[in-house]
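The sequence and structure are shown first.

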Amino acid sequence: MMHHKKQTNFPFSAIVGQDNFKLALILNLVDPLIGGVLAIGDKGTGKTTLIRSLTNLLNDQEKIPFVNLPIGVSEDRLMGSINLEELINAKKEVINLGLMAQAHQGVLYIDEVNLLQDYLTDILLDAAASGNYYLEREGISRYFKSRFCLVGSMNPEEGSLRPQLKDRFGLSVHVSTTTNVKVRQQIIKQRLLFDDNPTDFTAKYKNEDQSIATQIETAKKHLKTVLINDAIIEYCSQLAIEHQVEGLRADILLLKTARAFAAYQNATKITKEDVDKIADFVLNHRSLHQPPNQQNPNQKENEHPKETPSEGTTSKEENIQFLSPENDFQKQKNTFTDQLENSNKTISYNQGNTATIDTKKTVSQYVATDKFEIKTKHKKSLLKEHHIFLIDSSGSMLKNQIIAYAKGAVDKIATQSKNQNTQFSIISLFDGEAQHILHRTAVLKDIEIALTSLKTGGKTNLTAGFKQIKGICADVDFKHNLHIITDGKLNTESSLEATVLAFQTYCKGVQNTQVIDAEKGMVKIGVAADFANRIQANYQPLMTKKL
């Protein structure tokens, strides 16, 4: 039999330059009901190394699980499934433990959590918050404990996480690559020493790790004895209101996290300083408060640039009614559609076929014929329509109210496509960047509000937009339709070939693509039309009316 050598994790106390992340993880070990940590930032900053080092701080390390959740995980693998072999051969109902149950009393780590399917993320966050979950399979109902420290990491360049899901993570930290040369040197030296002799290096920091572990255990024991007075509760609520957070989760988590911090510091009560120390962890990913670095709109009200507006300003057409284009945008035909007749209205739905194991039929046939054969059951699953609008709002798009017509095109497509299973997202391109300004919504009013606040100016970077689309299209329960509205005037750093390659790389999850060409003038360069042809997309010129 082959024995695997136990992996030696990097010592927690030896990690340099991640103090905030380390503190957020420690507080979740003190009180797992905080709900985990979301790390947002660059790759290669040691996030996984730090998370794995947590096992050094937990008692009975041999039995502490560390579960790394793959992005392509299935619901059965996550929650558990029936062991068919045992059911048929031994006539026993045996459950294959899911990853959430395996992670009980340990750490569950999800790298690139923004690419995980939304409904799986919901299941994970519910289990992490409650500490348990029920598995319902083929008439079997089982209860499992799932008290684990949930840690997720993501790179914003690969797509964003829906605000509703971000809110479910208790804490968040921003992890960036340090620019301090001395700190970088120290990190490199520590890594080399560990790689050359892991045993000696780990032994050097054993006492420091043990000291932190003891401090955590002590904090857990007297966590509930820490006093919380009304003044602190009021202070937490004031902070939540100032940051314009939705709901009361932030208020509660400010108190819970501050209590865990006070307990870790061996304090008997929470102070305002404790709340201030941890406030960013709770509010970073929930705050709607805009930082006071934007210009006062009245400050330069008489200054109107002729070509492009200054950075961060909104479109000059924001108060103009949407100008609806003359052409009707044709819907692409669907392979599978079912029509439901409702009075004089016909609603079309996209259908996809999914196959799952039919346990009862499989067992019944085996008992009757003594032949084992997996039986499946097919069901039609409703695929929701998802329309993604990639709007070029660069400086060249401002002329002749093209932006106003582009807004009208979006509004028209949304109105034509709306039904109870249609959702919309908007990505804006301005100043060489891409911004996901509207996450999936079924409310047309939300589209109007997002378009009204559209920022404009600068150059066009379609590649940045395609990178955003990669994360948006990770949900396989939707049929993703991409509408690109652009005049084709790319910035000088982007060639057409590179843009086509970026589309092919990042937009694999898109089923249908439409390019709406907003280029105007007597002489046209025709880049948008060429681009549409290269990516085999439906091409439509943006037909405008003269005012």
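How many disulfides does the count come to? The count comes to zero disulfides, a disulfide being a pair of cysteine sulfur atoms within 2.5 Å. The model is predicted, so local features need pLDDT of at least 70 and side-chain atom pairs count only at pLDDT 80 or more, while totals for chains, interfaces and linings use all residues. Residues are numbered from 1 along each chain as its sequence is written, and side-chain values use heavy atoms, with hydrogens and water left out.

**Helices α17 and α18**

Two packed helices are described by the angle between their axes and the distance between the axes. Helix α17 spans residues 462-472 and helix α18 residues 496-506; their axes come within 9 Å and cross at roughly 5°. That angle makes α17 roughly parallel to α18, since angles under 35 degrees count as roughly parallel, over 145 as roughly antiparallel, 65 to 115 as roughly perpendicular and the rest as oblique. Axes are lines fitted to C-alpha atoms, for helices over the stretch in contact, and angles run from 0 to 180 degrees between N-to-C directions. Helices (H or I, at least four residues) and strands (E, at least two) are DSSP runs, numbered from the N terminus.

On the α17 side, L462, T463, F466, K467, I469 and K470 meet A498, T499, A502, F503 and Y506 of α18; contact means heavy atoms within 4.5 Å. By class, this contact has seven nonpolar, two polar and two charged residues.

**Aromatic pairs**

The count comes to eleven aromatic pairs. Rings of Phe, Tyr and Trp (its six-membered ring) pair if their centres lie within 6.5 Å; planes under 30 degrees apart count as stacked, over 60 as edge-to-face and the rest as tilted. Two of the pairs are tabulated.

| Pair | Centre to centre | Angle between planes | Class |
|---|---|---|---|
| F66 and Y109 | 6.5 Å | 45° | tilted |
| F466 and F503 | 5.5 Å | 75° | edge-to-face |

F66 lies in strand β2 (residues 66-69) and Y109 in strand β5 (residues 107-111), 43 residues apart. Y109 is buried at 1% relative accessible area. F466 belongs to α17 and F503 to α18, so this pair ties together parts 37 residues apart in sequence. F466 is buried at 0%, and F503 is buried at 9%. Elsewhere, ring pairs link F10, F194, F201 and Y205 into a cluster.

How values were computed. Nonpolar A, V, L, I, M, F, W, Y, C, P; charged D, E, K, R; others polar. Buried < 20%, exposed > 50% of the residue type's maximum accessible area, 1.4 Å probe, protein only.
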